[in-house]
Amino acid sequence: YDVNTFAGDDTFTFKLQVQSKSGVGWATVHTTPAISVANRYELLVYPGVGAAAGDIEATLSYPLPRTWRVAAEYGLVGGVADLITFGVYACLIN
């Protein structure tokens with residue numbers, strides 16, 4: 001996750017979610033801590049991956065299914081939305 005602009009007191013989290021086996025809902029398999037500053041946050045998801053090191057903030061030893069998504073959840077503080085711009089990138093190994 002690359003948070004480019006962060007202005008104000010609000011926070012938000014990214015959630016890695018996988019589609020349920022029934023295809024109806026979503027299950028959260030990882031949630032970042034509350035983010036409140038512009039920075040790059042990297043999550044490495046791979047079966048058997050070890051502990052986070054270097055630029056990697058967190059790891060998840062989990063095989064991603066075919067259908068997954070990243071959801072951003074906004075934590076509004078003070079009733080006024082602040083400007084946040086971010087990008088989400090994925091590098092998949094086949």
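K15 and E73 are joined by a salt bridge in which the closest N and O atoms lie 3.0 Å apart; a salt bridge is here a side-chain nitrogen of Lys or Arg within 4 Å of a carboxyl oxygen of Asp or Glu. This pair connects distant parts of the chain, since K15 belongs to strand β2 (residues 11–19) and E73 to strand β7 (residues 68–75), 58 residues apart. Strands (E, at least two residues) and helices (H or I, at least four) are DSSP runs numbered from the N terminus. The structure is a predicted model, in which local features need pLDDT of at least 70 and side-chain atom pairs count only at pLDDT 80 or more, while totals for chains, interfaces and linings use all residues. Residues are numbered from 1 along each chain as its sequence is written, and side-chain values use heavy atoms, with hydrogens and water left out.

Buried means under 20% relative accessible area, exposed over 50%, and partly exposed in between, with a 1.4 Å probe and protein chains only. K15 has a relative accessible area of 19% and therefore counts as buried, whereas E73, with 42%, is partly exposed.

A search of the whole structure finds two salt bridges. Besides the pair already described, the side chains of R40 and E42 meet at 2.8 Å, N to O. Here E42 is partly exposed, with 26% relative accessibility, and R40 is likewise partly exposed, with 40%.

The overall architecture can now be set out. The chain contains zero helices and eight strands, and its pattern along the sequence reads β-β-β-β-β-β-β-β. Of its 94 residues, 20% count as buried. Contact means heavy atoms within 4.5 Å. Among the contacts in the chain with a separation of 6 or more, 58% are between residues 24 or more positions apart.

Strand β2, which holds K15, also holds T13. T13 is buried, because its relative accessible area is 14%. Leaving aside residues up to four places away in sequence, T13 touches T31, T32, P33, A34, A71, A72 and E73. One member of that list, E73, is the salt-bridge partner of K15. T13 also lies 6.0 Å from I35, C-alpha to C-alpha, although the two are 22 residues apart in sequence.

The aromatic side chains come next. A search of the whole structure finds one aromatic pair. The ring centres of F12 and F14 are 5.1 Å apart and their planes stand at 85 degrees, so the arrangement is edge-to-face. For such a pair, the rings of Phe, Tyr and Trp (its six-membered ring) must have centres within 6.5 Å; planes under 30 degrees apart count as stacked, over 60 as edge-to-face and the rest as tilted. Both phenylalanines are classed by accessibility as well: F12 is buried at 2%, and F14 is buried at 0%.

The largest pocket holds about 790 Å³ of space. On a 1 Å grid over the protein atoms alone, a pocket is an open set of points with protein on both sides within 12 Å along at least five of seven lines, and lining residues have an atom within 4 Å of a point. Grid points are joined across faces, edges and corners, and the volume is the space filled by probe spheres set on the points. The largest pocket is lined by 26 residues, of which V45, L64, A90, C91 and L92 are the closest to its centre. Strands β5 (42–45) and β7 each supply at least two residues of this lining, and β5 gives the largest share, four residues. By residue class, the lining comprises 21 nonpolar, one polar and four charged residues. In this scheme, Ala, Val, Leu, Ile, Met, Phe, Trp, Tyr, Cys and Pro count as nonpolar, Asp, Glu, Lys and Arg as charged, and the others, Gly among them, as polar.

Two loop residues complete the account. A38 sits in the loop between β3 (26–31) and β4 (39–40) and is partly exposed, at 42% relative accessibility. Its C-alpha atom is 4.9 Å from that of V3, 35 residues apart along the chain. D9 occupies the loop between β1 (2–6) and β2 and is exposed, with a relative accessible area of 62%.

Methods
1 Å grid on protein atoms, 1.4 Å probe; cavity = no way out; pocket = protein on both sides within 12 Å on 5 of 7 lines; lining within 4 Å.
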